[in-house]
Amino acid sequence: MAEAPQQTIYVLNGPNLNLLGTREPETYGHATLADVEKLCIDTAAAYGLTAECRQSNHEGVLVDCIHEAGAKQAVGIIINAGAYSHTSIALHDALMAVKIPAVEVHISNIHARESFRHHSFTAKAAFASVCGFGIDGYRLAIAGLAERIGAGNTNKATA
Ligand code: CA2
């Protein structure tokens, strides 16, 4: 019998996250964006999912990525929209429009930082948020998403 094609999740990172590992390690740690993407790909694989990872410094490109996730019938979105989390109604609306279960991630604890980081538009369009766990938040977010959508396999304990 033919195997079902792997389900895909999109992992979207926003502005300045391409600088991870190069500056501000006291806030964002030493891991690079490549490390984050590998963590996401490996974690997703443990749940039988394929992670499509994208980063952009441009709001409209991130909107396009969300639309693409919808068109490709992605089963989930993990999003760290960076500073756009706090400003972007466009990203909120795109997430609402595609109706794909989404989890918001922040590497830092945004609630323990400046007040302008306390509100998130993207969080309002997500079913869950993870913040303050460093890049491990991406692993936790994918695990929670996988549980929510019923994805899973025998490898969960190592994810
Ligand atoms: O904690 C997070 O993940 C943030 O989304 C990171 C954003 C920030 O604007 C949000 O309030 C919280 C900033 C990403 C900037 O990333 C850098 C990484 C290394 C060096 C400089 C910036």
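Predicted model: local features only at pLDDT ≥ 70, side-chain atom pairs only at ≥ 80, totals over all residues.
Which atoms of the protein come up to the oxygen atoms of the ligand? Asparagine 80 puts a polar side-chain atom 2.8 Å from an oxygen atom of the ligand. For histidine 86, I found an N or O atom of the side chain 2.7 Å from a ligand oxygen. Isoleucine 107 uses its backbone instead: one of its backbone N or O atoms lies 2.7 Å from an oxygen atom of the ligand.

How much of the ligand does the protein bury? Taken alone, the ligand exposes 500 Å², and the protein buries 95% of that.

**The pocket.** Next I checked where the ligand sits, and the space it takes is the largest pocket. I noted about 390 Å³ of space in this pocket.

Which residues lie nearest the centre of the largest pocket? I got Pro15, Asn16, Leu17, Tyr28 and Arg117, out of 18 residues in the lining. By class, I put the lining down as 8 nonpolar, 6 polar and 4 charged residues.

How values were computed
Residues numbered from 1 in each chain as written. Heavy atoms only, no water. Polar contact = N/O pair within 3.5 Å; in protein donor to acceptor, adjacent residues only side chain to side chain. Areas by Shrake-Rupley, 256 points an atom, 1.4 Å probe, with all protein chains shown as cover. 1 Å grid on protein atoms, 1.4 Å probe; cavity = no way out; pocket = protein on both sides within 12 Å on 5 of 7 lines; lining within 4 Å. Sits in = over half its atoms within 2 Å of the grid points. Points joined across faces, edges and corners; volume = space filled by probe spheres on them. Nonpolar A, V, L, I, M, F, W, Y, C, P; charged D, E, K, R; others polar.
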